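User: Hi! Could you walk me through the sheet and one of the pockets in this model?

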Amino acid sequence: MYERNQEKGSVWVTLKHSSMKSKAKRKKMETEGEAIEYRCLVRATDGKKTIATSLSAKDHQKFQASYATVLKAHMNALKKRERKDKKRTAEVEQKPASSKNPGSSKKPLPTKPPL
């Protein structure tokens, strides 16, 4: 899916905490004191095709490691982020302020101290 969308497109991946049982069954299991096994539901879609899988808690760490490897391998198609210089933005902010008040660069007149 990542290879198909490498030139243009996106892939959305969602991870969801799920027990794979209906709400009524979960309530019944809770009242009887049974342990509910929660799983991780993983879905990936590119807008056209969707794939999904379910992971147990034991397999979650292994899946995350292999998924990270896949992500790192396909990160080469990302666009570079535009970075702004802090100095340039500071200069741009100061220039409009000084052009609006031409007398702001002059020293203020001394005042008499209060009696």
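Analyst: Happy to. Two strands pair if DSSP finds at least two bridges between them, and the helices (H or I, at least four residues) and strands (E, at least two) are DSSP runs numbered from the N terminus. This is a predicted model, where local features need pLDDT of at least 70, side-chain atom pairs count only at pLDDT 80 or more, and totals for chains, interfaces and linings use all residues. Residues are numbered from 1 along each chain as its sequence is written, and side-chain values use heavy atoms, with hydrogens and water left out.

User: In what order do the 3 strands form the open sheet?

Analyst: Strand S1 (residues 12-18) pairs with S2 in the antiparallel sense over 7 bridges. S2 also pairs with S3, again antiparallel, over 6 bridges. The 3 strands therefore form an open sheet in the order S1-S2-S3.

User: Which residue in S3 does Leu 41 stand opposite?

Analyst: S2 and S3 form a hairpin with 4 residues between them, and Gly 47 in the turn has a positive phi of about 100°. Across this pairing, the residue that stands opposite Leu 41 is Ser 54.

User: How many residues of the lining of the second largest pocket are nonpolar?

Analyst: A pocket is an open set of points on a 1 Å grid over the protein atoms alone, where a 1.4 Å probe fits, with protein on both sides within 12 Å along at least five of seven lines; lining residues have an atom within 4 Å of a point. This one is lined by 13 residues, with Tyr 2, Ala 44, Ile 51, Phe 63 and Tyr 67 nearest its centre. Strand S2 (39-45), strand S3 (50-55) and helix H2 (60-73) each give two or more residues to the lining. Counting Ala, Val, Leu, Ile, Met, Phe, Trp, Tyr, Cys and Pro as nonpolar, Asp, Glu, Lys and Arg as charged, and the others, Gly among them, as polar, the lining has 1 charged, 1 polar and 11 nonpolar.
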